[in-house]
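Here is a short briefing for a reader meeting this structure for the first time. Look over the sequence and the fold, then read on.

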Amino acid sequence: MLPQALENTINALGNLPGVGPRTAERFATYLFRADSKIADTIIEALSHLHTDVKICPITFALINSNETVSPLYSTSDRDKKTILVVEEPLDIYAIEQTKQYHGTYHVLGGAISPIDGITPDKLHIEELISRIKQDLVEEVIIATNPSVEGESTALLLQKLLSNKYPDLRITRLARGLPLGVDLSFADQITLGAALTNRTKL
């Protein structure tokens, strides 16, 4: 019989996605054995998670609670005529790390997945359509994930936006073989995308 506090910690950690019972047990026992300052730091960070983080009402990116809108939208060096559409807020930071994109972002809040109950009306598509008109957007870059759900979402966006704004430039992030990967190890979707998006040398 485990001490109640330890069992409660295991159960709490087990609620995290991808954390099974054994992993939750390892995390909990590690936190017990380690310096208590580690647990205190985690507790302190979690106590501010819901009070100090909110969602930008324009881009739906994560922002500090004292900010009105995302700096990735409001600062003067961001090109509001270009919007890069992603599924989740953390996708933004992967793009930002390249330091090669200077437009704005729009977070859909997921991808179409009827089996999970995520239908188009549950995504921030209407807000995207409004932004295009409001900011006189010239290009929308669709950067949904290369999955069945991501592809379905991209196709729907392309259809909706091209019908609504015929002059709008709609592009998709290039997909294909990553550097250093042998052909024999590439999956069929990646190989298919590489063939479709091949370039002239």
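Which residues does His 106 touch, not counting residues up to four places away in sequence? They are Ile 58, Thr 59, Phe 60, Ile 83, Leu 84, Val 85, Val 86, His 124, Glu 127, Leu 128 and Arg 131. This is a predicted model. The protein has 8 helices and 6 strands. The points below go from the whole chain to single residues.

**Overall fold**
- From the N terminus on, the order of elements is α-α-α-β-β-α-β-α-β-α-β-α-β-α.
- The radius of gyration is 21 Å, well over the 17 Å that the globule rule gives for 201 residues, so the protein is more spread out than a compact globule.
- Along the principal axes, the C-alpha trace spans about 65 × 50 × 35 Å.
- Take the contacts with a separation of 6 or more: residues 24 or more positions apart account for 47% of them.

**Surface and charge**
- Of the 201 residues, 30% are buried.
- The protein exposes about 13700 Å². Carbon and sulfur atoms supply 59% of that area.
- There are 19 positive and 25 negative charges. Their mean positions lie 5 Å apart.

**His 106**
- His 106 sits in strand E4, which covers residues 103-107.
- Is His 106 buried or exposed? His 106 counts as buried, because its relative accessibility is 0% and the cut-off for buried is under 20%.
- The side chain of His 106 reaches the backbone oxygen of His 124 at 2.7 Å.
- His 124 is also among the residues that His 106 touches.

**Thr 171**
- Thr 171 belongs to strand E6, residues 169-172.
- Its side chain makes a polar contact with the side chain of Glu 139, at 2.8 Å.
- Leaving out residues up to four places away in sequence, Thr 171 touches Glu 139, Val 140, Ile 141 and Ile 142.

**Two positive phi angles**
- Phe 60 is not a glycine, yet its phi is positive, about 65°.
- Phe 60 lies in the loop between strand E1 (53-55) and strand E2 (62-64).
- Phe 60 has a relative accessible area of 14%. That is under 20%, so Phe 60 counts as buried.
- Phe 60 is one of the residues that His 106 touches.
- Lys 99 also has a positive phi, near 60°, in a residue other than glycine.
- Lys 99 is in the loop between helix H5 (89-96) and E4. His 106 is found in that strand, E4.
- Is Lys 99 buried or exposed? Lys 99 counts as exposed, because its relative accessibility is 69% and the cut-off for exposed is over 50%.

- Asp 91 is part of helix H5.
- Asp 91 counts as partly exposed, because its relative accessibility is 22%, a value between the 20% and 50% cut-offs.
- How many residues separate Asp 91 and Thr 144 in sequence? They are 53 residues apart in sequence. In space, Asp 91 and Thr 144 are 9.1 Å apart, C-alpha to C-alpha.

Key: Residues are numbered from 1 along each chain as its sequence is written. This is a predicted model: local features need pLDDT of at least 70, side-chain atom pairs count only at pLDDT 80 or more; totals for chains, interfaces and linings use all residues. Side-chain values use heavy atoms; hydrogens and water are left out. Helices (H or I, at least four residues) and strands (E, at least two) are DSSP runs, numbered from the N terminus. The radius of gyration is taken over C-alpha atoms; the globule rule is 2.2 Å times the number of residues to the power 0.38. Buried means under 20% relative accessible area, exposed over 50%, partly exposed in between (1.4 Å probe, protein chains only). Contact means heavy atoms within 4.5 Å. Accessible areas come from the Shrake-Rupley method with a 1.4 Å probe; for residues, only the protein chains shown count as cover. Lys and Arg count as positive and Asp and Glu as negative; His and the chain ends are not counted. The place of a charge is taken as NZ of Lys, CZ of Arg, CG of Asp or CD of Glu. A polar contact is a pair of N or O atoms within 3.5 Å; within protein, one must be able to donate a hydrogen and the other to accept it, and residues adjacent in sequence count only if both atoms are side-chain atoms.
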